[in-house]
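Grab a pencil and have a look at the model below. Then try the two exercises before you peek at the solutions.

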Amino acid sequence: MINSSIMNNFGGNWTEAKMDIVVSYAKAYLVIMNKQDWSKTIYFDGFAGSGIIDSEKSNEIIKGTALRILELEDPFEFDIYYFVELNEVHKNELEKRVNDNYFGKNAHVVKADCNEKILSMSKFLKENKNYRTLAFIDPYGMSVDWSSINSLKDLGVDLWILVPTGIGVSRMLKNNGDISDSWFSKLEKFLGISREEIINHFYKKQVVNTLFGEESITVKEANTVQKIGELYKERLLTIFKFTSDSFVMKNSTNSIMYHFMMATNNPNALKIANEVIRPKYKL
Ligand SMILES: C[S@@+](CC[C@H](N)C(=O)[O-])C[C@H]1O[C@@H](n2cnc3c(N)ncnc32)[C@H](O)[C@@H]1O
């Protein structure tokens, strides 16, 4: 399930680092939320997986984030767990693991597209003001639509999201700007901005001297992948009050693949998020 050649630039393993970040954050989150007796907590996992992953560190099968979050119970646990998984086999495997090992928890495993369930969760939170959600959105690619993220505006959600800056968006932003209509549509849907805004953000016109005189060509701005990470943060800041530093994940050739970040409306949550990210790695 996990490509074992993908490592961060410390030669470590970022899948497990990402999991540690979410679990450490969840522990601190539960402590804070339990001081507010009026509130109930939901853990929402939009790309839950099967419950196990291949460890990059040891090449062994280890528990994935979903099971690690279910294990948190001393001193506090979530009131509701909601796991979304599109792949039927993964969904069934996760459901079995949850039923076998975490029986009695208010845990739901559903086979669905994450976007659909983010919208359902937003609706639920609008109607049930005493609920707070910790959401973990962990896709491989550009499967999360901006309209889904947009639905979270003004809600009590702390959102950890894996943004495929290097492996997704950057690959679509071709050097000469010659991007097909279908790729532009995908980029617009993912970033929630127009084709013109995408072009203005990532490309500039440059005049070059050719054999037949001056010509204007389209050139991509430098540091595209970092710019995508910054743009996604800017986009999140139109929905949430704060975004954390990014945990930047690189492959063995030192190319950035993902930015992992947290968005929230709560200043204390921001502080905790940065505290859990900074010892790992930040850019
Ligand atoms: C990176 S893995 C999840 C790993 C898991 N978050 C963990 O930390 O243990 C991504 C999972 O998302 C599922 N998936 C892919 N597209 C999806 C979608 N649109 N909605 C929900 N799940 C999806 C895949 O089947 C896969 O099991």
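Here are two exercises, each with a worked solution.

This is a predicted model, where local features need pLDDT of at least 70, side-chain atom pairs count only at pLDDT 80 or more, and totals for chains, interfaces and linings use all residues. Residues are numbered from 1 along each chain as its sequence is written, and side-chain values use heavy atoms, with hydrogens and water left out.

**Exercise 1.** Work out where Lys 63 sits and what is in contact with Lys 63.

*Step 1.* List the contacts (heavy atoms within 4.5 Å). Skipping neighbours within four places in sequence, they are Met 19, Gly 51, Ile 52, Ile 53, Arg 68, Glu 71 and Tyr 102.

**Exercise 2.** Find out which residues are closest to the ligand.

*Step 1.* Look around the ligand: 18 residues surround it, and the closest are Thr 65, Glu 85, His 90, Asp 113 and Asp 138 (near means a heavy atom within 4 Å).

*Step 2.* Now pair up atoms. Ligand oxygen atoms lie 2.5 Å from a side-chain N or O atom of Thr 65 and 2.7 Å from one of His 90.

Methods. A polar contact is a pair of N or O atoms within 3.5 Å; within protein, one must be able to donate a hydrogen and the other to accept it, and residues adjacent in sequence count only if both atoms are side-chain atoms.
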